[in-house]
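This report describes one protein model for a reader who is new to structures. Please look at the sequence and the 3D view before reading on.

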Amino acid sequence: MLAPMEGVVEHHVRAILSKIGGLDGCVTEFIRVTDQKLPYKVFYKYAQELESDCKTPSGIPVKVQLLGSNPHFMALNAQELVRYGAKSIDLNFGCPAKTVNAHEGGAYKPPAYWHYIADIRAKLTINVVANGEIWSVADYFRCREESQCDDVMLGRGLIAQPDLAKQIRCALNQEPYTPLSWLEICQMLFDYYRSTTPLYYEKNCGNRVKQWLMYLSRNYPEAASFFEFIKRKSLHHEIEQAFQEQLDFLLNKKHSI
Ligand SMILES: Cc1cc2nc3c(=O)[nH]c(=O)nc-3n(C[C@H](O)[C@H](O)[C@H](O)COP(=O)(O)O)c2cc1C
């Protein structure tokens, strides 16, 4: 599953990552519940998949996450969500954001103690999904072994390597797989940039791709160089041009090999 990540995994990102493959489910960013019944537009803002049977465009189910500490209003808003078509609701217990921790929500910083999850799993009859610090296929197998869970959730690892779930799936099925190249990742990022640009003020238009590039830098050295190249650019046409140049360069390189 794709983990909820506030400020990172909105519905465009869920669509991209679930299209690449390997995922069985996603979770929205948290929707904050205080002391009122929220209107549909708030739920829709975070969970646009409510309009498409709670599935991403490639048909992967999406759970809607609520964050709050008032049981009455959490229940009321969960009921509202069900009325609006949510199939599954997730409660936030794991967000590391300081603002969330300061409001009686969220949890834990690294490292991830997967073996503690095994104790919990042994005591429960419901399904338990293990997560935390899964950056590679090898981490996935270690997490499963230590947590004794069949299901895992990927957060930053999947942002840093968008086909990690696919790599895991292929490893499980013993199918050959060639990981995505930087050219493919860069094309994907450019599509993401173009589809989300109209949503932001121009001065903020590159922020999300810059953030994604930072995560990608962990696995793709080219992402780190491209980040350095665009980090001070804030005008739409500058960022657009930088992407075009990067893609032209990569395509020329590919064709000259
Ligand atoms: C930037 C960021 C935002 C997050 N937002 C949420 C959130 O909205 N809800 C939640 O339950 N957990 C949230 N988390 C926690 C992640 O879902 C996940 O449990 C955590 O990152 C550990 O998994 P990972 O090592 O695979 O990233 C967030 C984590 C990060 C890094």
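## A cis peptide bond

P111 sits in the loop between α4 (98-101) and α5 (114-123). Helices (H or I, at least four residues) and strands (E, at least two) are DSSP runs, numbered from the N terminus. The peptide bond from P110 to P111 is cis, with omega near 5°. Most peptide bonds are trans.

## Source of the model

The model is predicted: local features need pLDDT of at least 70, side-chain atom pairs count only at pLDDT 80 or more, and totals for chains, interfaces and linings use all residues. Residues are numbered from 1 along each chain as its sequence is written, and side-chain values use heavy atoms, with hydrogens and water left out.

## The whole chain

The protein chain holds 12 helices and five strands. Its radius of gyration is 19 Å, close to the 18 Å that the globule rule gives for 257 residues, so the chain is as compact as a globular protein of that length. This radius is taken over C-alpha atoms, and the rule is 2.2 Å times the number of residues to the power 0.38. The C-alpha trace spans about 60 × 45 × 35 Å along its principal axes.

Of the 257 residues, 42% are buried. Buried means under 20% relative accessible area, exposed over 50%, and partly exposed in between (1.4 Å probe, protein chains only). Contact means heavy atoms within 4.5 Å. Among contacts between residues at least 6 apart in sequence, 61% join residues at least 24 apart.

## One face of helix α11

Which residues of helix α11 (residues 221-230) are buried? They are A223, F226, F227 and I230. Seen down the axis of α11, these buried residues fall within an arc of 105°, so they line one face of the helix. The arc is that of the directions from the helix axis to the C-beta atoms. The cover over the buried residues of α11 includes α9 (182-196), α10 (207-216) and α12 (236-256).

I20 belongs to helix α1 (residues 11-20). I20 and K166 are 146 residues apart in sequence, and their C-alpha atoms are 7.1 Å apart in space. Leaving out residues up to four places away in sequence, I20 touches P162, D163, K166, L180 and M188.

K203 is in the loop between α9 and α10. The C-alpha atoms of K203 and L235 are separated by 6.4 Å, while the two residues are 32 residues apart along the chain. Is K203 buried or exposed? K203 is exposed, with a relative accessible area of 62%.

## Loops and positive phi

Most residues other than glycine have a negative phi. Q148, in the loop between α6 and β5, has a positive phi near 60°. Q174 has a positive phi near 55° and lies in the loop between α8 (164-173) and α9. Q174 counts as exposed, at 74% relative accessibility.

D150 is also placed in the loop between α6 (137-147) and β5 (151-153). Apart from neighbours within four places in sequence, D150 is in contact with Y140 and R144. D150 and V137 are 13 residues apart along the chain, and 14 Å separates their C-alpha atoms.
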